[in-house]
Amino acid sequence: MNEWLLIALMALVTYLPRWLPLALAGRVRLPPPLERALDFVPVAVLTAIIAQSALIRNGALDLSANNYHAIAALAAFVVALLTRHLFITVVAGLACFAALRVFL
Amino acid sequence: MHRPAQQLWLGALETLPLVVAAFPFGIVFGAMANTMGLGAGVTLGMSSIVFAGSSQFIALTLLASAAAMPVIVMTVFIVNLRQLLYAANLMHHVGYWPQWQRAILGFFLTDETFAVVSDRLNRHPDEPGLRWFYLGSALFMYSFWQISTALGYTLGSRIPGLADWGLDVAMVVAFVGIVVPALRRKADWACAAVALVSAVLTHDWPHQTGLLFSSLLAVAVGMALSREAADE
């Protein structure tokens, strides 16, 4: 298989979805319902990524106390609710994770 | 606070936890490519020209199983469809950018950069200098993805278990810090809850199709609920 051809094609199918909507912005007016739907994209996609990264460990759902990723995520969730501050949330989540790693 | 240099710096700064989280993945990608006998040029070429972590991993896995090129390209396309959602979400804000800037910035639209850009739009919707903020985030992610790939390729096998350090937790907590302030209406909470449960249930679907499915489902639920709220 020609590796460079593969890279070129991968680059194409990666770039097009990232760029096309940006290129069309201002030229096409999306129907209002679609615009309202797109408002939910950040919450929907990022939460799905969080769920699969924090709750699925080694290929299976892990809700045990040994899943430090999930505990750190929960701590971050609480801190984020209280502070609504990104930096404080990240520091608190990482500190929680590090503490679990070091002390348990 | 909208001088270009400041925005550039701010964009990079807010992306820092996500860069830390992505770094081990770049190392693992480089090491894996080396083990599979991929040339250094091809490996770095993939990171620098394609620049899409999950697509690159899937391509490696498929290459290892001797999949045909159309299968790999099609799969990569499907994996990248969520970035179509990102770009569509940003349409609202880039209408006045010159086309050449959209063409450049579109290339760098990763999960990480979208996350920090959407957080900024959520907190300061009208603050000028978005382009520079975006570029700062993009260049930081891009350069460290190249560095980590190269590091992984040259000495990946000599950094034992870097992937087991759990640095990806930085991405998890940063995304939590971005999502939570965006949860304002009941529909937002419902959308997040559906995304969470659905992503867990579909985690073993091939090639991250579960991620795409869950996102679309959650968007649909949020949409339905916000319409209901608007009707009342």
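Predicted model: local features only at pLDDT ≥ 70, side-chain atom pairs only at ≥ 80, totals over all residues.

Reader: How many C-beta neighbours does B:T113 have inside 10 Å, and does B:T113 count as buried or exposed?

Author: Happy to! Residues are numbered from 1 along each chain as its sequence is written, while chains are lettered from A and ligands numbered from 1 in the order in which they are written.

B:T113 counts as buried because it has 26 C-beta neighbours inside 10 Å. Here, buried takes 20 or more other C-beta atoms within 10 Å of the residue's own, exposed takes 12 or fewer, and partly exposed lies in between, with C-beta atoms placed from the backbone. B:T113 sits in helix α7 (residues 111-123) of chain B; helices (H or I, at least four residues) and strands (E, at least two) are DSSP runs, numbered from the N terminus. Beyond its neighbours within four places in sequence, B:T113 is in contact with B:T15, B:F108, B:Y134, B:S137, B:A138 and B:M141, contact being C-beta atoms, placed from the backbone, within 7 Å. B:F133 is 20 residues away along the chain, and its C-alpha atom is 9.6 Å from that of B:T113.

Now for the wider setting in chain B. The domain assignment, which is automatic or from a database, gives domain 1 (4-182) and domain 2 (184-232). Their C-alpha centres are 23 Å apart, and 10 residues of domain 1 of chain B are in contact with nine residues of domain 2 of chain B. On the domain 1 side, α3 (53-64), α4 (69-79) and α5 (81-94) of chain B each give two or more residues. That side holds seven nonpolar, two polar and one charged residue. Nonpolar covers Ala, Val, Leu, Ile, Met, Phe, Trp, Tyr, Cys and Pro, charged covers Asp, Glu, Lys and Arg, and polar covers the others, Gly among them.

The largest nonpolar core has 107 residues, and B:V173, B:F175 and B:C191 have the most contacts inside it. Such a core is a set of buried Ala, Val, Leu, Ile, Met, Phe, Trp, Tyr and Cys residues joined through C-beta atoms within 7 Å. Helix α1 (residues 4-35) of chain B gives the largest share of this core, 13 residues, and both domain 1 (4-182) and domain 2 (184-232) of chain B contribute at least three residues.

B:F175 takes us across to chain A: leaving aside neighbours within four places in sequence, B:F175 is in contact with A:L46, A:I49, A:I50 and B:A115. The contact between the chains takes 56 residues from chain A and 73 residues from chain B. On the chain A side, α1(A) supplies the largest share, 16 residues, and by class that side has 44 nonpolar, eight polar and four charged residues.

Finally, chain A itself: five helices and two strands, following the pattern α-α-α-β-β-α-α along the sequence. The radius of gyration of chain A, taken over C-alpha atoms, is 20 Å, well over the 13 Å that the globule rule (2.2 Å times the number of residues to the power 0.38) gives for 104 residues, so chain A is more spread out than a compact globule. Buried residues make up 45% of chain A. Its average pLDDT is 94, with 99% of the residues scoring at least 70.

Technical notes:
Contact = placed C-beta atoms within 7 Å. pLDDT = per-residue confidence, 0-100.
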